[in-house]
Amino acid sequence: MKPRIHLAFDFSWTQVETAWRRPTSRVGRHYPDIGLFEDLARIAERGLFDLIFFGDSTGIPNTWEGSIDAAVRRGVAWPRLDMSPWITAMSRVTKHIGFGLTYASTFMHPFYVARLLNSLDHITDGRIAFNVITSQRRADAENYGFDELMEHGQRYDRMDEFMAVCMKLWDSVGPDAFVWDKANGLVADPAKVHAINHVGKFFKVKGPLSVPPSPQIRPVLIQAGGSQRGIQTAARFVDHVFGAGKGVPLMAEQRRDLDAALRAEGRDPEPVGIIWATKVIVGETEKEAASLRELLIADVPPEAVGVWLSHNTGFDMSTLPPRFSLRELNERIVAANASPVGFVGILARKYGEDTDFDREEFFRLGLHAATGYGITRTGTAAQIADYLEETFEATGSRGGFMLGHSQAGSRDVINNLVDLLVPELQRRGRYRTAYEGRTLRENLVT
């Protein structure tokens, strides 16, 4: 049997960025009506998707020109909802599909997050994934009392400890601790409930967790760090990695680096998949798909691109000189404790660090990155299935793809994936024909 491709759908940016301008958007009467999200969840489950994924940011972008004004004006990375209560509602109209929730270890406290995710795992009957991230976004940092961005390596040191505490908490109440013995009036066995007494550099947590063990005991753990430090941290706890789509050679290199890091931690790399962020548009014809792609960049203001780039690197791109090399830009980004990977890092890998750019060309490429235009594949179901199969095989045949782009809220986009692409993958023996597991973790390994 061929290795199966797993599919997730990224709803992180539904109705923001450029999506609200499209004729098919549901801004106004519907957004943020819960019916929108319930509808999308039903469609995704009809397509047998593993997971609906929600990224997050908690501040209105203010890195561009040191102000939120442009972000507010253009609708960049706002409005954003805390998706935890919305996931509860979506889970009540579905039975199988999982839900991925994002929190930043850079700001959050592990006891709160471990308890929240345990509760959500109960509500969804074992369908929760936790995407743990570090954050280089100044707007978020300022909402949590940070005057400056935490240094890159320190952010991962904090994540290491954050996840160690969460894992201890999820194990602090034994799976058979609760007895509910009515005859003797006993709720639980104290011998199976223990404090963790954690004292570390960033956190002090006594424990235990004050809730019953959830169906999965702990959520499916996802991490997206693509730097060497990020890969090293992920290897210690991750179930699956969320990988950036950056061309097959770089994706294959990340797979090799992750495998090596997992082995160094004494872990078997085989069960650990990489879910690649992949933007595709499927049409009945090539022409239809291509025309949908053009809508991604239609009339997007340059200011909105600058806001997006600044927010996602943590560096104010409005300060760029008329001409600069990527090496010079990266040096300025690192000096600001911002992120040297992501968009700028990908450009450096593609063009070389000493390549010069002028602002106009840089922002043109930034437009393609911000909207997903530059990496969005278009075609018929057969053409997109060919591309996914080839990429899957070239990157280790473990994991799958997180599909999505700034038209994620369009019914046409997701219906085409469900009604055209999924049947094509099923015909090739690459995709499930039914959910086989009860929990998200079980479905991700079948």
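The legends below describe close-up views of a predicted model.

View A. Thr-376 belongs to strand S14, which covers residues 376–379. The residue counts as buried because its relative accessibility is 6%, below the 20% limit for that class. A polar atom of the Thr-376 side chain is placed 2.4 Å from the backbone oxygen of Gly-372. Leaving aside residues up to four places away in sequence, Thr-376 is in contact with Lys-279, Val-280, Ile-281, Arg-293 and Leu-296.

**View B. Salt bridge between Arg-4 and Glu-436.** The whole structure contains 26 salt bridges, and one of them joins the side chains of Arg-4 and Glu-436, with an N to O distance of 3.0 Å. Arg-4 is found in the segment before strand S1 (6–10), whereas Glu-436 is found in the loop between helix H15 (411–427) and helix H16 (440–444); the pair therefore ties together parts that are 432 residues apart in sequence. With a relative accessible area of 21%, Arg-4 is partly exposed.

**View C. Salt bridge between Arg-236 and Glu-265.** The side chains of Arg-236 and Glu-265 form a salt bridge at 3.5 Å, N to O. Arg-236 counts as partly exposed, at 37% relative accessibility. Glu-265 likewise counts as partly exposed, at 35% relative accessibility.

View D. The side chains of Glu-393 and Arg-430 meet in a salt bridge with an N to O distance of 2.5 Å. Because Glu-393 lies in helix H14 (residues 381–394) and Arg-430 in the loop between H15 and H16, this pair ties together parts that are 37 residues apart in sequence. Glu-393 is partly exposed, at 48% relative accessibility, whereas Arg-430 is buried, with a relative accessible area of 4%. Both residues belong to a network of salt bridges that also links Asp-386, Glu-389, Glu-424, Arg-427 and Arg-428.

**View E. The second largest pocket.** The second largest pocket holds about 270 Å³ of space. Its lining consists of 20 residues, and those nearest the centre of the pocket are Asp-56, Ser-57, Thr-58, Gly-59 and Tyr-144. Strand S3 (residues 98–104) supplies 3 residues, the largest share of the pocket lining. By class, the lining of this pocket comprises 12 nonpolar, 4 polar and 4 charged residues.

**View F. The second largest cavity.** The structure has 5 cavities of 30 Å³ or more. The second largest cavity has a volume of about 60 Å³. Its lining is made up of His-6, Leu-7, Ala-8, Asp-50, Leu-51, Val-220, Ile-222, His-240, Ile-275 and Leu-444. At least two lining residues come from each of S1 and strand S9 (220–223), and S1 provides the largest share, 3 residues. The lining of the second largest cavity divides into 7 nonpolar, 2 polar and 1 charged residues.

Note on methods
Residues numbered from 1 in each chain as written. Predicted model: local features only at pLDDT ≥ 70, side-chain atom pairs only at ≥ 80, totals over all residues. Heavy atoms only, no water. Helix = DSSP H or I, 4+ residues; strand = E, 2+ residues; numbered from the N terminus. Buried < 20%, exposed > 50% of the residue type's maximum accessible area, 1.4 Å probe, protein only. Polar contact = N/O pair within 3.5 Å; in protein donor to acceptor, adjacent residues only side chain to side chain. Contact = heavy atoms within 4.5 Å. Salt bridge = Lys/Arg side-chain N within 4 Å of Asp/Glu carboxyl O. 1 Å grid on protein atoms, 1.4 Å probe; cavity = no way out; pocket = protein on both sides within 12 Å on 5 of 7 lines; lining within 4 Å. Points joined across faces, edges and corners; volume = space filled by probe spheres on them. Nonpolar A, V, L, I, M, F, W, Y, C, P; charged D, E, K, R; others polar.
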